[in-house]
Amino acid sequence: SRFVNELAASLDRVQDDNDNDGQPSIPYMSITNVAAEGFATGFHWFNHNLDIRDTATFVRHSHTMKAGIELFRSDFRGDSSANNNRPWYNFVNIIDFVQDSIANGGFGYFDPQSGLSKPYIYETTQQATGIFGQDEWKLRPNLTLTFGIRWDDYGDPATDDQWSFSNLQLGAPNSADRKSVV
């Protein structure tokens with residue numbers, strides 16, 4: 001009989017730091033299928049991932065048993081405050097641009113109570129866990145019987161206080177609490 005334990009782990013960090021701070025006095029303007037001017041991303045983000053796997057294998061003659069676990073954790077943080085504090089305008093075609101006929105647009109991310117620009121920061125974490133067991137028995141050279149079971153929990157993504165993963169929930173029509181949560 002033989003016993004083998006395989007342990008693997010990985011840790012990585014991926015990031016992008018675009019130092020263009022997106023000047024709010026220069027709006028982002030685009031013409032559908034033609035051009036985009038004044039665009040400055042100003043988006044800073046990073047992502048950490050940790051993945052650990054452990055599989056134990058026991059072999060005795062024509063019988064192989066395996067059991068294992070996998071743990072995964074990821075976190076992400078992005079800050080696009082510089083880009084999202086700029087007004088933006090979209091034109092359907094070049095004639096609309098010349099005639100100053102805006103198809104749609106926006107004024108960036110501002111606090112409606114103070115009128116000041118507001119940070120546009122996004123954070124989320126995700127965890128996943130999996131365990132398994134497998135029993136393999138080679139009855140003949142051309143016949144193998146395999147039984148296995150696996151359980152996975154992908155967890156729910158979690159965010160900071162500024163964000164919510166949910167559907168639109170409206171307050172009761174005749175109640176004092178008529179706020180919307182997205």
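**View 1. Phe91, a buried residue of strand β6**. In this predicted model, Phe91 is buried because its relative accessible area is 2%, where buried means under 20%, exposed over 50% and partly exposed in between (1.4 Å probe, protein chains only). Phe91 belongs to strand β6, residues 88-91; strands are DSSP runs of E with at least two residues, numbered from the N terminus. Residues are numbered from 1 along each chain as its sequence is written. Local features need pLDDT of at least 70 and side-chain atom pairs count only at pLDDT 80 or more, while totals for chains, interfaces and linings use all residues, and side-chain values use heavy atoms, without hydrogens and water.

**View 2. The surroundings of Phe91**. Beyond neighbours within four places in sequence, Phe91 is in contact (heavy atoms within 4.5 Å) with residues including Ser30, Ile31, Thr32, Asp100 and Ile102. Met29 is also among the contacts of Phe91; these two residues are 62 apart in sequence, yet their C-alpha atoms are 7.8 Å apart in space.

**View 3. The aromatic pair of Phe91 and Phe97**. Rings of Phe, Tyr and Trp (its six-membered ring) pair if their centres lie within 6.5 Å; planes under 30 degrees apart count as stacked, over 60 as edge-to-face and the rest as tilted. One aromatic pair is counted by this rule. The ring centres of Phe91 and Phe97 are 5.1 Å apart and the planes stand at 85°, so this pair is edge-to-face. Phe97 is partly exposed, with a relative accessibility of 34%.

**View 4. Arg13 over the ring of Phe46**. The charged end of Arg13 lies 4.5 Å from the centre of the Phe46 ring and sits over that ring. A charge sits over a ring if NZ of Lys or CZ of Arg is within 6 Å of the ring centre and within 35 degrees of the ring normal.

**View 5. The hairpin of strands β8 and β9**. Strands β8 (residues 121-140) and β9 (residues 143-153) run antiparallel and are joined by eleven bridges; two strands pair if DSSP finds at least two bridges between them. Glu136 has Thr146 of β9 as its bridge partner.

**View 6. Confidence along the protein**. The mean pLDDT, the predictor's confidence in each residue from 0 to 100, is 77 for the protein, and 66% of residues reach 70 or more. Confidence is highest in β9, at a mean of 95, and lowest in strand β3 (residues 35-37), at 57.

Methods:
Helices (H or I, at least four residues) and strands (E, at least two) are DSSP runs, numbered from the N terminus.
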